[in-house]
Amino acid sequence: PVLLGCGSAQPSGCPALCECSEPAKTVKCVNRNLTAVPPDLPPYVRSLFITGNPLTHLPAGAFPAQRLPDLASLNLSGNHLRAVEAGALALPALRQLDLSGNALVSFSPQAFGEGGSPLEELALRGALRDHGVLLSLAALLQSGALRNLSRLELADNGLLLLPAGMFTALPALRQLDLSNNSLVGLRNVSFQGLGQLQSLNLSDNSLGVLWNSTLAQFRSLPALRHIVLGHNTWVCDCAIEDLVAWLKESNQVEGKEALTCASPEKMLGKALLKINSSDLNCSMPTDLPSQLQTSYVFLGIVLALIGAIFLLVLYLNRKGIKKWMHNIRDACRDHMEGYHYRYEINADPRLTNLSSNSDV
């Protein structure tokens, strides 16, 4: 009985609702109905799993740095987290953080403390449904607090557009997952400075075209060898010519043979690699801003020409116009004199009867 009792006892310093393994330096608090981070986590922990709990927010100091100096991997996925306050994740040894499957509404740009964080992997799959949280994350990334980040997962978030310059302060980034969102374009996204980027997943989005400015950035990244573009809604009109040319010459895109047109109807299902210029009938320029600029210039020239012709006609007919103006002046003067005469008769009572008899 004594031996049996010792075998069922919790390890020393382990929270009552968690499972701890000191040899593996691991603590698991899975599906334990926790509403707050246990305050008595053992100091030896390196890998901590707090998942599947009704945990709603992480206050400052939720994971005390002095008590948890070796915590390197933190999994908080599948909770009900809505807010991460400043200083909540200020851990000196943190390398991996998983916040996937939460419904974040507030994420402080100072969540990792005032200084930089050693974080290398950040997973936010399905956690950024609120646009304000996306902007807060962008501010955090742009601040340079996560310059050591090598893997960033932003899949399954329904993102339409990404904030400009969101990734410019991530020089160590190697893997970027943007799959299964609703991205419609990448024109405002800069990949400049991502010299270490090796893998970019853009599959299962709503991309209709990749413009030449984006393709030029892909060409300039020396380590980028794995780009995934499958299951997008490619619009196969004249604007897709640059993308088709890049696909034919590039070895960066995985499974490019399977990329097909989603519209227009006559191109539906056609492989992008098999598209020729004759299929697109690109006799007109596809750059709409340039097209509009040319139209405005042409319209200005036409209006100037019409104005010049009008002035020339006026000059050639200046004598006739002058005579016409004099005739109008004389007619108006005679008419006004008639009104003036009528006014004088009506104003003089002595002439009223005379005026009436004259009318008769």
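**Core and charged pairs**

Mentor: Of the 89 residues in the largest nonpolar core, those that touch the most other members are Leu 58, Phe 63, Phe 112, Leu 152, Phe 167, Phe 218 and Leu 272. Such a core is a set of buried Ala, Val, Leu, Ile, Met, Phe, Trp, Tyr and Cys residues joined through side-chain atoms within 4.5 Å. The model is predicted, so local features need pLDDT of at least 70 and side-chain atom pairs count only at pLDDT 80 or more, while totals for chains, interfaces and linings use all residues. Residues are numbered from 1 along each chain as its sequence is written, and side-chain values use heavy atoms, with hydrogens and water left out.

Trainee: Which element gives the most to this core?

Mentor: Helices (H or I, at least four residues) and strands (E, at least two) are DSSP runs, numbered from the N terminus. At least two core residues come from each of strand E2 (26-30), strand E3 (47-51), helix H2 (131-142), helix H3 (212-220) and helix H4 (241-249). The element that gives the most, with 6 residues, is H2.

Trainee: How many salt bridges does the structure hold?

Mentor: Side chains of opposite charge can pair when their charged atoms come close. A salt bridge is a side-chain nitrogen of Lys or Arg within 4 Å of a carboxyl oxygen of Asp or Glu. By that criterion, the number of salt bridges in the structure is 7.

Trainee: Is Asp 177, the partner of Arg 125, buried or exposed?

Mentor: Arg 125 and Asp 177 form a salt bridge whose closest N and O atoms are 3.5 Å apart. The pair links distant parts of the chain, 52 residues apart: Arg 125 lies in the loop between strand E9 (121-123) and H2, and Asp 177 in strand E11 (residues 175-177). Buried means under 20% relative accessible area, exposed over 50%, and partly exposed in between (1.4 Å probe, protein chains only). Because its relative accessibility is 16%, Asp 177 counts as buried.

Trainee: Which residues are linked with Arg 125 in a network of salt bridges?

Mentor: Arg 125 itself is partly exposed, with a relative accessible area of 30%. The residues linked with Arg 125 in the network are Arg 151, Glu 153, Asp 156 and Asp 177.

Trainee: Where does the salt-bridge partner of Glu 249 lie?

Mentor: The side chain of Glu 249 meets that of Arg 219 in a salt bridge (3.2 Å, N to O). Glu 249 is exposed, with a relative accessible area of 54%. Glu 249 belongs to helix H4, and its partner, 30 residues apart, lies in helix H3.
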